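Work through the exercises below with the coordinates open. Each task is followed by a stepwise solution.

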Amino acid sequence: MAGFALRRVAGLVLVLLTVCAATFAIFYLLPSDPALQACGKSCTTERIAELHRQMGLDKPVWQQFADYLGGIVGGRTIGTGDLAVRCGFPCFGFSYQADRPVWDLMVDRLPTTASIAAGAAVLWLVIGLSVGIGSALRKGSGLDRSLMAATLTAASLPVFFTGLMALYLVVQVAGLLPFPTYVDFGDDPLGWARNLILPWIVLALLYAAMYARLSRSSMIETLSEPYIRTARAKGLPERVVVIKHGLRSALTPIVTVFGMDLGTLLGGAIITESVFGLPGIGQLTIDAINKSDQPVVMGVALLAAFFITLFTVLVDLLYAVVDPRVRVS
Amino acid sequence: MTTTIAGAAEPTAPAAPFRALAARVWADRAARVGLAIVALFVLLAVFAPLISMLTGNGPNEFNEDLIDKSLGGPPIGVLGGISADHWLGVEPVNGRDVLARVTYGARVSLVISLLATGVSVVIGTVLGMAAGYFGGWVDAAISRTMDLVLSFPQLIFMIALVSVLPGGDRTLLLVLVISFFGWPYVGRIVRGQTLSLRRREFVEAARAGGQHRMRILVREILPNLLAPILVYAALSIPVNIGTEAALSFLGIGVQPPTPSWGQMLQKAMAWYQIDPMFFLIPGTCLFLTVLAFTLLGDALRDAVDPKEGA
């Protein structure tokens, strides 16, 4: 078990390093120049060269990359002269536009994104799995058909469309809820939930539909396995057959997908945040891209990759605990 | 991590007879509805200039007489300014004809999603077959690359790539970026199938008969892969439509004045309280297209593997 965990964590580090290198390559080899932006409109060639030197952009690419990696592990001072800034551990670069380390910017935004993701995840798991399993158990019935039609509809609705509809119908016409703003959970738990309920529902709707379809087909497949027939033949109560024998193995593919989805969302629920104007990591990304604030975009990309790979590995480890066969392969 | 399209797990022995497949899809009522909607939007896209000519409204013609400037620019009249001249109303602020913009937007959506699907399927098939058939270091290299691409936060990277790359006509750029993140899904399916096909008797026979490996790949293995590839392609079209719309919505899709549905929805965000028609129309187009392609894809999957459907 320890060996397996170690291999998986080594794999995680390798993936992150590669993502890091790829991100670095995208932002530093493509035609765009952070110095040019820092310099402003009335910029001379000498000033640019000076800025390049101060920002460390005149060094070879591999040296810059090594510096960047070193910063993540131990913090660093970026640049020299009047542009020198201290960027503490873990240093994901420095945003000259916001005049703050990228890590601080991300930490500020993380609670919003985590709140959106966590609340929505609870909703979609509960709704998606109940619909999917219910449908599978009544396969072919009228209930199954109408539920599946509903999930097909929900899965075809993009978040930015349902979001606008929700805002129009619930906030504007019915006046049931306020326009969402982010309230910190610690300050006002009720206000937190009241403001986030709409984004949660909108985001969960799409995912619940996908999870319902996935869990239905997975459950149907599992229930047709010979060992389920054996369990029934033993005379086990249907509840035990479905929950203990069926559900447990039908959930496997769903847990995998869930790990990926949650990881992806933690890296920024970009569309949801954008529709509801919530100041999460996704908004930070969009703002940074509009302002060409490359260090921030790069930091966010890495953070998102970290969450995705982390959750994938966590899921793998979870399987290894549950199912010893996984450790060997 | 495994993304298998249900029903593509076991290769069907002979090349699926496509005429029978088409008949089975056609027998599915939902598929016929999907096909009708797809046909409608394809026609709208193809004949967008003709529709513009008939109604007399180009997609970029401003109609400032149709908006209420004193109120900041909402369309004059009910339901977003629907009238005999402007069947779906006009845009706020500049009064452009919504019908013209929606039909031209259909072009963007369909062209990008279909091309992206085509490119990712071709790349995924070639690399997946190579990985599955040759094994060894070829397989290791291709499989690791696929894993890596899949562990990238796709939307962020798409946004980053598109925004850093030079502007101009973004259609090709969007196709390439969407396919870049799409091919590993096809690649995995194709690799798995090729792996099991390679050990089948008819492939062994071809190999024993001294056929060149290229010929084996193209003549023996590829025909058996067509059904799962077709299913995957059909189901990835709606996903790509959604991705294109999302990128446009975030302001990094095709650039104005070229219209696209996602871009219209983005503009509609500022107007949803006063002019809900402006988000309802492009939103509904998007919804219907995605739904229609999904219905078709589902029907195709069930036709390839009848045991899956309800």
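The model is predicted: local features need pLDDT of at least 70, side-chain atom pairs count only at pLDDT 80 or more, and totals for chains, interfaces and linings use all residues. Residues are numbered from 1 along each chain as its sequence is written, chains are lettered from A in the order in which they are written, and side-chain values use heavy atoms, without hydrogens and water.

**Exercise 1.** Find which cysteines form a disulfide (a pair of cysteine sulfur atoms within 2.5 Å).

Solution. 
1. The sulfur atoms of Cys87(A) and Cys91(A) are 2.1 Å apart, and the two form a disulfide.
2. The count over all chains is 1 disulfide.
3. The S-S torsion of Cys87(A) and Cys91(A) is about 105°, so the bond is right-handed.
4. Cys20(A) is in no disulfide: the nearest cysteine sulfur, that of Cys91(A), is 11 Å away.

**Exercise 2.** Is Phe47(B) buried or exposed, or in between?

Solution. 
1. Buried means under 20% relative accessible area, exposed over 50%, partly exposed in between (1.4 Å probe, protein chains only).
2. Phe47(B) has a relative accessible area of 40%, so Phe47(B) is partly exposed.
3. Phe47(B) lies in the loop between H2 and H3 of chain B; helices are DSSP runs (H or I, at least four residues), numbered from the N terminus.

**Exercise 3.** Describe residues 296-322 of chain A.

Solution. 
1. The unreviewed UniProt entry annotates "transmembrane region" there; such annotations may be inferred rather than shown by experiment.
2. The span is 100% helix and 0% strand, with end C-alpha atoms 39 Å apart.

Key
Helices (H or I, at least four residues) and strands (E, at least two) are DSSP runs, numbered from the N terminus.
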